[in-house]
Amino acid sequence: MIEEKMLILLRQGKISKWFSGIGQEAISVGAVNAVAEDEFILPMHRNLGVFTGRNVPYNRLFGQFQGKNSGFTKGRDRSFHFGTREHHIVGMISHLGPQMALADGIALAHKLKDNKKATLVFTGDGASSEGDFHEALNVAAVWDLPVIFIIENNGYGLSTPSNEQFRFKNFTDKGPGYGIKAVRVDGNNLLEVHRTIRELAEEIRKNPKPVILEAMTFRMRGHEEASGTKYVPKELFEQWAKKDPVENFERYLKRQKVLDDSKIDDIRAKIKKDIEEGLKQAFDEPLPEVTEIEQSDIYFPYQQEVKAPATDAASEKRLVDAISDGLKQSMERYDNLVIMGQDVAEYGGVFKITEGFLEQFGKDRVRNTPLCESAIIGTGLGLCINGYKAVVEMQFADFVTCGFNQIVNNLAKIHYRWGQNADVVVRMPTGAGVGAGPFHSQSNEAWFFHTPGLKVLYPSNPVDAKGLLNAAIEDPNPYLFFEHKALYRALSSEVPDDYYTVEVGKAALAAEGEDLSIITYGMGVHWAKEAIDSLEGVSADILDLRTILPWDKEAVAATVKKTNKVLVLHEDTLTGGVGAEIAAWISEHCFEHLDAPVSREASLDTPVPFSRPLEENFLPQQRFLEKLRRLLAY
Ligand SMILES: Cc1ncc(C[n+]2csc(CCOP(=O)(O)OP(=O)(O)O)c2C)c(N)n1
């Protein structure tokens, strides 16, 4: 009845979009009633029945569709793109496939708690072509995660029929490939769906394992109402109309004498009234007002309490040791912290940061992962939704491209969208100068710098590295944590032995001087120091940003006002780099204090080349020295 009402409202221009699930209702309804109320369900765009089945109030549901404050995203996201922890529902993002890895994380949390719960996640046959589908199923299989992957096979992905989507016949064929059970049901038969899911859930609660449930069904309307159904042969509609799940179930209940016409009329009248009341409330509500919170709401509200080390005890540590030390102390501090990454367990990670962790913290919390950056970052988010913290190691920062979507669309946006935090730190061994070529040397912090909702750290020394990593793990918001590989073993200093944190969002002066300011971070701090030391009679402020997002505008303004000349330096390529933003900001906000144009130096706008002379030419060190001299002479 809600579906029918939505179609009317759409025609009247009162809602903007509707993805109809008419013809597929039995799957959502069968599923939602087959599991306990506190078991998570991760639905897709045609699963209205999951929401109504979990008694999501109609006024809030309709408010959500209309972009009202009473909706679950305060007008920030549309349709079913929301979650509600209260109802144990985690909604989708438009990209479809990433949803499945979140189910893995939620299920992993259940498994770690050993609380015997199943998790249900939906996907369409079309989305099964995405890499995320494979990654999530594979992780669930390897880790024996109690997830039911419900594939609603309705024969089409938008207009594309299954035979243009995949070559196999049925999704049950995929079970053996993943080494897991796969079952097919008539998705239009409510009782069959319900019984099968109930039994599967019982089974996987006792014996955690993933299972594929293929539900055969048909989409009776267009992909969404505006796209029509011209591409679907008419006879298919006729065939499937006979199998309408709602009508058939109603007929069955009448045959069984559970229902008769008068009861049906009563039920319909009650539902009609509820829908109308819910709609009235939603329509009566004004559109959201713009408030200051819009910008701050990209982060979960959190005020850092900077922690000093308990004693003066300190020892010489290389960058790599300081990071390892911080990570270990955070693992000791938070017994709900899980580390995941390729080769991080027995092998200790390719840079040996997690060496010995497995012995100390066990295999549950120090997890070797298959090669699947997207699924693992998504799993980290799922863990967080279900009460854990996650640190995910990219083997090299370059490989984050394979998990990019989860970071920029899921981790970064989830708090703004529906108030769920993403307590995930992604560790990023980064940087060039190691003769490793285009795919093991990149600086890619600018990709994330541009993404609201993330926090990005890039320490230049062991003390900051340990304290900032601890700070990132404490904070329930999502972080990218850059670690320069060339500094891992080249740099050491006295580092406090105790646990401590460094303030996020706060730059530090790595040197103080009068003639100009060099604003930089990471390797740039060391280049700047070397350059200034090589120039006789020159002194400079070297401002180490340390946090790139959100960066310390106050400290930038203070140093510009002090020296009146500024050069922004970084290892990342020049165009659209972090330096571009900082230079633009200085020009706009500190113009009156400048005695020279804001200078920038960075790597060349090319991939990172392999051969030494080419790599040296790519990196900014030499050009930077030139520019420094010019700026001093200006
Ligand atoms: C990554 C991505 N590519 C393309 C789309 C556009 N799109 C939205 S739904 C859809 C079809 C999905 O088909 P399926 O998974 O079978 O689900 P159904 O709509 O049939 O329920 C497409 C192509 C998208 N949302 N995300």
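## Helices α15 and α16

Helices α15 and α16 are roughly parallel to each other, a label given to angles under 35 degrees, with over 145 called roughly antiparallel, 65 to 115 roughly perpendicular and the rest oblique. The model is predicted: local features need pLDDT of at least 70, side-chain atom pairs count only at pLDDT 80 or more, and totals for chains, interfaces and linings use all residues. Residues are numbered from 1 along each chain as its sequence is written, and side-chain values use heavy atoms, without hydrogens and water.

The axes of α15 (residues 373-385) and α16 (residues 404-411) come within 7 Å and cross at roughly 30 degrees. Axes are lines fitted to C-alpha atoms, for helices over the stretch in contact, and angles run from 0 to 180 degrees between N-to-C directions. Helices (H or I, at least four residues) and strands (E, at least two) are DSSP runs, numbered from the N terminus.

Ser374, Ile377, Gly378 and Leu381 of α15 touch Gln406, Ile407, Asn410 and Leu411 of α16; contact means heavy atoms within 4.5 Å. By class, the residues are 4 nonpolar, 4 polar and no charged. Ala, Val, Leu, Ile, Met, Phe, Trp, Tyr, Cys and Pro count as nonpolar, Asp, Glu, Lys and Arg as charged, and the others, Gly among them, as polar.

## Helices α13 and α19

Helix α13 (residues 319-333) packs on helix α19 (residues 462-474) at an angle of about 30 degrees. Their axes lie 8 Å apart. That makes α13 roughly parallel to α19.

On the α13 side, the contact includes Leu319, Ile323, Asp325 and Arg333. The contact of α13 with α19 has 8 nonpolar, 4 polar and 4 charged residues.

## The seven-stranded sheet

An open sheet of 7 strands runs in the order β10-β9-β11-β12-β14-β13-β19, with mixed pairing. Strands pair if DSSP finds at least two bridges between them. β10 (366-368) and β19 (547-549) stand at the edges with a single partner strand each, so one side of each has no neighbour in the sheet. The twist averages 20 degrees from one strand to the next.

Within the sheet, β12 (residues 424-430) and β14 (residues 479-484) pair in the parallel sense over 6 bridges. Val425 stands opposite Tyr479 in β14.

## Salt bridges

The count is 34 salt bridges, each a side-chain nitrogen of Lys or Arg within 4 Å of a carboxyl oxygen of Asp or Glu. One joins Asp186 and Lys243 at 3.7 Å, N to O. Asp186 lies in strand β6 (residues 181-186). Lys243 sits in the loop between α9 (234-241) and α10 (245-255). The two are 57 residues apart, and the pair links distant parts of the chain.
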